[in-house]
Amino acid sequence: IGFNVESTANAVTTVTAAGALARNSVNLINDTDGAAYTLPAVADCARGDVIIVKYIAALADTEVHKYGTSGEFFATHSTVFAHTNGDDVLSHVTAPNGTSNDFLNLTGATNGGIGVGSELRFHFDGDKWAVNGILYKQGTGAVAVTAAFADS
């Protein structure tokens, strides 16, 4: 028996610019340039809150999408997978350290990522936001998809 987190989402929004992501929402990312997307403050969240991000447009070359909230660190049980150079093999993005990594940065590449169909599922575990996801390549896929947890 699986748990469908979309069933806890109460809104679907097409996102075309930087800004705050709402709790319990599905966000269709149609923003191809650099942007920062903030998560709700942990003080305003309840265990089980979710934010679903689905890419419906590819991120442009060298542009960066940043997900997080300054000073609120990602849970170490976050798990993100990304396509590697030119093949269909997935690699594990190094998990956040839990003490200083407050952003997940995704960098666009013409023949790398972040491609259409990429998906991130943020969930609040009662203490921190965690993220699980898969990042697809775009174009020829000759360049590895670039994603990293980082400090603000």
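Leu104 has Phe149 as its bridge partner in strand 12. The structure is a predicted model, so to speak of local features takes a pLDDT of at least 70, and side-chain atom pairs count only at pLDDT 80 or more, while totals for chains, interfaces and linings use all residues. Residues are numbered from 1 along each chain as its sequence is written, and side-chain values use heavy atoms, with hydrogens and water left out.

Strand 9 (residues 103-107) runs antiparallel to strand 12, with 5 bridges between the two. Strands here are DSSP runs (E, at least two residues), numbered from the N terminus, and two of them pair if DSSP finds at least two bridges between them. The open sheet holds 5 strands in the order 2-4-6-9-12, and its pairing is mixed. Strand 2 (19-20) and strand 12 (146-150) sit at the edges, each pairing on one side only.

Then there is the largest nonpolar core, with 28 residues. Such a core is a set of buried (under 20% relative accessible area, 1.4 Å probe, protein chains only) Ala, Val, Leu, Ile, Met, Phe, Trp, Tyr and Cys residues joined through side-chain atoms within 4.5 Å. Leu104 and Leu135 are among the residues with the most contacts inside it. Elements giving two or more residues to this core include strand 9, strand 11 (129-135) and strand 12. Not counting residues up to four places away in sequence, Leu135 touches (heavy atoms within 4.5 Å) Leu106, Leu120 and Ala147, among others.

Ala60 lies in the loop between strand 5 and strand 6 (64-68). Leaving aside neighbours within four places in sequence, Ala60 is in contact with Thr32, Gly108 and Ala109.

Terms used. Helix = DSSP H or I, 4+ residues; strand = E, 2+ residues; numbered from the N terminus. Buried < 20%, exposed > 50% of the residue type's maximum accessible area, 1.4 Å probe, protein only.
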